[in-house]
Amino acid sequence: AGEASNTSHAPCTRSLSGSTAALPRTATHAPPSTTPALKEKPAAAADGPRIDAPRIDAPPLMDPSAHPRIDAPPLMDPSAHPRIDPPPLMDPSSYHSSVLRVASDETQLWAHFDTMDNALAQVTGHKRVVLWPPSEDEHLYVDGSSSRVSDVDAFNDEQFPLFRRSIDSRLECTLAPGEVLFLPALWFHSVTSIGFSVAVNVFWRSHHPAPPGPGAEHDHSVSAA
């Protein structure tokens, strides 16, 4: 009495015929659980029977026969506004040629003039176009049909001192996809691509030779001789 009870689980010993034997450790049982055991659901059979619900067709929202189709009248009487075909941009017999122009960024076409009217149609990308009227011929240092001024955005007073005088009559625009620029014959123009660019140039004859004047047959006979 008075000694603290030994709560350890060390095995107890007792004497059997003068020998000492160890008694087995007493097993500790946990109190029964009050949570019911979960049962596993049987796996669904891969080839089990399939049950299809019967199809139910819903009634229509309205009876089509109760609302017959009504064709609205046209917005205007076609006969009151006959078709107007615009005149062609040019006489088909005056057509000369078409040029497809594919250029990389900053590709520049030197300043020059064409002897035919033409239209520059931008397909994709952009083009910067600088123009001068034919009256600026003496200020652009023209050789043949092209200007000897290679850089139209800079002044070279030592080599081209008269080029400054062309500034007042200079025109400039930027073509975007879908836009068309009309370039009259004999007008100077310099074209620079902005980014990758594709354009189409259409040329047509806008100047026809003058009819022979009086005495043309006599001159012809003389030259033929």
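**View 1. Asp153 and Arg128 form a salt bridge, with their closest N and O atoms 2.8 Å apart.** The two residues come from distant parts of the chain, 25 residues apart: Asp153 sits in the loop between β7 (146–147) and β8 (171–175), and Arg128 in strand β5 (residues 117–132). A salt bridge here means a side-chain nitrogen of Lys or Arg within 4 Å of a carboxyl oxygen of Asp or Glu. Strands (E, at least two residues) are DSSP runs, numbered from the N terminus. This is a predicted model, in which local features need pLDDT of at least 70, side-chain atom pairs count only at pLDDT 80 or more, and totals for chains, interfaces and linings use all residues. Residues are numbered from 1 along each chain as its sequence is written, and side-chain values use heavy atoms, leaving out hydrogens and water.

**View 2. Arg128 also forms a salt bridge with Glu172, the closest N and O atoms being 2.6 Å apart.** Because Arg128 belongs to strand β5 and Glu172 to strand β8, this pair ties together parts that are 44 residues apart in sequence.

**View 3. Glu172 forms a salt bridge with Arg170 too, and here the closest N and O atoms are 3.7 Å apart.** Arg170 is buried, at 19% relative accessible area, while Glu172 is partly exposed, at 46%. Buried means under 20% relative accessible area, exposed over 50%, and partly exposed in between (1.4 Å probe, protein chains only).

**View 4. Arg128, Asp153, Arg170 and Glu172 are linked in a network of salt bridges.** Asp153 is partly exposed, with 48% relative accessibility. The salt-bridge count comes to five.

Terms used
Helices (H or I, at least four residues) and strands (E, at least two) are DSSP runs, numbered from the N terminus.
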